[in-house]
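Please look through the sequence and the model below before reading on.

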Amino acid sequence: MAKKKKYYVVWQGHEPGIYESWNACQQQIKGYPAAKYKSFSTESEAKNAFHGNYHDHITKAKKKSPSFGSRDAILKNTWSVDAACSGNPGLMEYRGVETDTGIQLFHQGPFKKGTNNIGEFLAIVHALALLQKTGDHNRIIYTDSRTAMAWVRNKKVKTMLKREPVNEILFDLIDRAVNWLKNNKYQNKIVKWETKEWGEIPADFGRK
């Protein structure tokens, strides 16, 4: 089933406006300090939002949890991770970026016969390992995958994907990631990215 089309409002960016693809939106916010943007389901909602006040459209996020706030507040000094997979299973890759600037910190893949959940999991562990190596224990990591968060928390990957010669390299990475989690302690918080409130996660590959 085809995914529903989204409309992206950029209140503050290189060129404020309404964009019909994440790629187009990303070009307007990438590298722009404190960019303000959000996705909407319909064009009429997007138009009303664009001509209104940005802060009127993030009220729900503020009420949802004390840890949530405006998108501006969560951007600084944080990392975001994401994965993309062509098919299920299929060619998978993952990456991590600085949330506020979009600068890419790492990128791995593509790996043959992988899944999006596996990529999300590996991206989180990759970020944790990098932060531990640099002694950066306070930086928050954002992910939009609850499944990957659970796998990291439980130090166990519950995938139905079969280990085969074609994806042996990928499963080696999974084994190494699980082993790292079992043998290392980390203080960095892993937080769920609220896509409905904040738009697509900055590490998104823009292929939706």
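## A buried glutamate

In this predicted model, E120 has a relative accessibility of 3%, and because the cut-off for buried is under 20% relative accessible area, E120 counts as buried. The residue has its place in helix α5. When residues up to four places away in sequence are not counted, E120 touches V81, D82 and A83, and also T143, D144, S145 and A148.

## The annotated pair

According to UniProt, in an unreviewed entry, the feature "binding site" falls at E120 and D144. These positions are spread over 25 residues of sequence, yet they cluster in space, with a largest C-alpha distance of 8.4 Å.

Is D144 in a helix, a strand or a loop? D144 lies in the loop between β7 (140–143) and α6. With a relative accessible area of 22%, D144 is partly exposed, whereas E120 is buried. Leaving aside neighbours within four places in sequence, D144 is in contact with D82 and E120, as well as with K192, W193, T195 and I201.

In soluble globular proteins, nonpolar side chains tend to be buried together. In this model, the largest nonpolar core has 29 residues, of which Y94, I118, F121 and L122 touch the most other members. At least two residues of this core come from each of β4 (78–87), β5 (90–98), β6 (104–114), α5 (116–134), α6 (146–154) and α7 (168–183). The largest share, 9 residues, is supplied by α5, the helix that also holds E120.

Which residues does L122 meet, once its neighbours within four places in sequence are left aside? L122 is in contact with M92, Y94, L170, L173, I174 and A177. Apart from this core lies another, made up of 8 residues, including Y8, I29, A35 and Y37.

## The chain as a whole

The protein chain contains 8 helices and 8 strands. Of its 208 residues, 47% count as buried, and the chain exposes about 11400 Å², of which carbon and sulfur atoms supply 49%.

How do contacts relate to separation along the sequence? Among contacts between residues at least 6 apart in sequence, 64% join residues at least 24 apart.

Technical notes:
Residues numbered from 1 in each chain as written. Predicted model: local features only at pLDDT ≥ 70, side-chain atom pairs only at ≥ 80, totals over all residues. Heavy atoms only, no water. Core = buried A, V, L, I, M, F, W, Y, C linked by side-chain atoms within 4.5 Å. Buried < 20%, exposed > 50% of the residue type's maximum accessible area, 1.4 Å probe, protein only. Helix = DSSP H or I, 4+ residues; strand = E, 2+ residues; numbered from the N terminus. Contact = heavy atoms within 4.5 Å. Areas by Shrake-Rupley, 256 points an atom, 1.4 Å probe, with all protein chains shown as cover. UniProt positions renumbered as here; feature names shortened; annotations may be inferred.
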